[in-house]
Structure formats: C-alpha cells, structure tokens
Amino acid sequence: MNRCVYPKCVERIRGRGLCNAHYKQANRLIKAGKASEADLVKRGLLLPSKKAKAETDAKAFLKGSAVVGKKASKVKRTKTKKKTNRRRSA
C-alpha cells in the first residue's frame with residue numbers, strides 16, 4: 001500500500017495513508033474544526049494512527065490479563081566481548 005487512500009489519487013504516501021497534498025488538506029480540516037480525525041478515519045479518508053492502535057491493543061491486553069499491576073521480572077544481561085578493528089599480523 002504505497003499509494004494515497006484518497007479516491008482517484010495515485011500519488012505516493014506521506015503519512016497515515018495520504019499523499020502530501022491530501023495530508024495537508026486533512027490537517028487543515030481538523031485544525032479548522034470542520035472535521036474530526038475520527039470522522040475522517042470512519043469515512044476511509046485517513047488511516048488510524050499507530051499510537052492510537054498501540055494504546056487500544058495495550059488496553060485490550062491488560063483488560064483480559066490476569067496479571068495486572070505486577071512488575072515484570074528483571075532480565076539478566078550478559079556481557080559481550082567488544083570486537084576490535086586491529087589487523088592481525090601474518
């Protein structure tokens with residue numbers, strides 16, 4: 001999906017599924033209060049933000065999870081050897 005989601009537009013996407021021109025147009029509509037982000041998403045003229053999807057996924061996970069509020073166990077870190085860029089002499 002590398003083309004704008006706006007009907008009959010064949011330009012490459014900039015963000016949220018829209019080309020640069022349509023992204024700016026949607027941004028102006030939202031800032032002016034003529035349309036909401038949710039409205040544009042419902043009409044298919046804007047893709048949902050990744051941040052919003054991540055938040056809803058996290059809420060759904062925690063809602064169904066039996067372990068809520070407990071801290072995750074600490075992960076032991078192992079030391080790794082540094083690679084050197086020294087040349088070996090023959």
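The structure is a predicted model in which local features need pLDDT of at least 70 and side-chain atom pairs count only at pLDDT 80 or more, whereas totals for chains, interfaces and linings use all residues. Residues are numbered from 1 along each chain as its sequence is written, and side-chain values use heavy atoms, with hydrogens and water left out.

## Overall fold

The chain has three helices and zero strands, where helices (H or I, at least four residues) and strands (E, at least two) are DSSP runs numbered from the N terminus. Read along the sequence, the pattern is therefore written α-α-α. Of the 90 residues in the chain, 14% are buried, a class that means under 20% relative accessible area, while exposed means over 50% and partly exposed lies in between (1.4 Å probe, protein chains only). The accessible surface of the chain comes to about 9,000 Å², and 53% of that area belongs to carbon and sulfur atoms; such areas come from the Shrake-Rupley method with a 1.4 Å probe, and for residues only the protein chains shown count as cover. Among contacts (heavy atoms within 4.5 Å) with a separation of 6 or more, residues 24 or more positions apart account for 26%.

Helix H1 covers residues 20-32. Because the expected span of a helix is 1.5 Å times one less than its number of residues, the 13 residues of H1 should span 18 Å, and the end C-alpha atoms, 18 Å apart, agree with this. H1 is followed by Gly33, whose phi is positive, near 80°.

## The segment before H1

Lys8 lies in the segment before H1 and is exposed, with a relative accessible area of 88%. Arg16 is also placed in the segment before H1, but its relative accessibility of 25% makes it partly exposed.

## Core and cysteines

The largest nonpolar core has nine residues in all, namely Cys4, Cys9, Leu18, Cys19, Ala26, Ala35, Leu40, Leu45 and Leu46. A nonpolar core is a set of buried Ala, Val, Leu, Ile, Met, Phe, Trp, Tyr and Cys residues joined through side-chain atoms within 4.5 Å. When residues up to four places away in sequence are not counted, Cys4 touches Cys9, Glu11, Ile13, Gly17, Leu18, Cys19 and His22. His22, found in helix H1, is buried at 16% relative accessibility and, with the same exclusion of residues up to four places away, touches Cys4, Tyr6 and Cys9.

With a disulfide taken as a pair of cysteine sulfur atoms within 2.5 Å, the count comes to zero disulfides. Cys9 is in no disulfide, and the nearest cysteine sulfur, that of Cys19, is 3.8 Å away. Seen from Cys19, the closest cysteine sulfur is in Cys9 at 3.8 Å, which is too far for a bond. Both residues count as buried, Cys9 at 15% relative accessibility and Cys19 with a relative accessible area of 4%.

## Charged pairs

Side chains of opposite charge can pair when their charged atoms come close. Here the count comes to two salt bridges, each being a side-chain nitrogen of Lys or Arg within 4 Å of a carboxyl oxygen of Asp or Glu.

| Salt bridge | N to O distance |
|---|---|
| Glu37 and Arg16 | 2.8 Å |
| Asp39 and Arg43 | 3.9 Å |

The side chains of Glu37 and Arg16 meet in a salt bridge, and this pair links distant parts of the chain, with Glu37 in helix H2 (residues 37-42) and Arg16 in the segment before H1, 21 residues apart. Glu37 is partly exposed at 37% relative accessibility, as is Arg16 at 25%. In the other pair, Asp39 is partly exposed, with a relative accessible area of 29%, whereas Arg43 counts as exposed at 51% relative accessibility.
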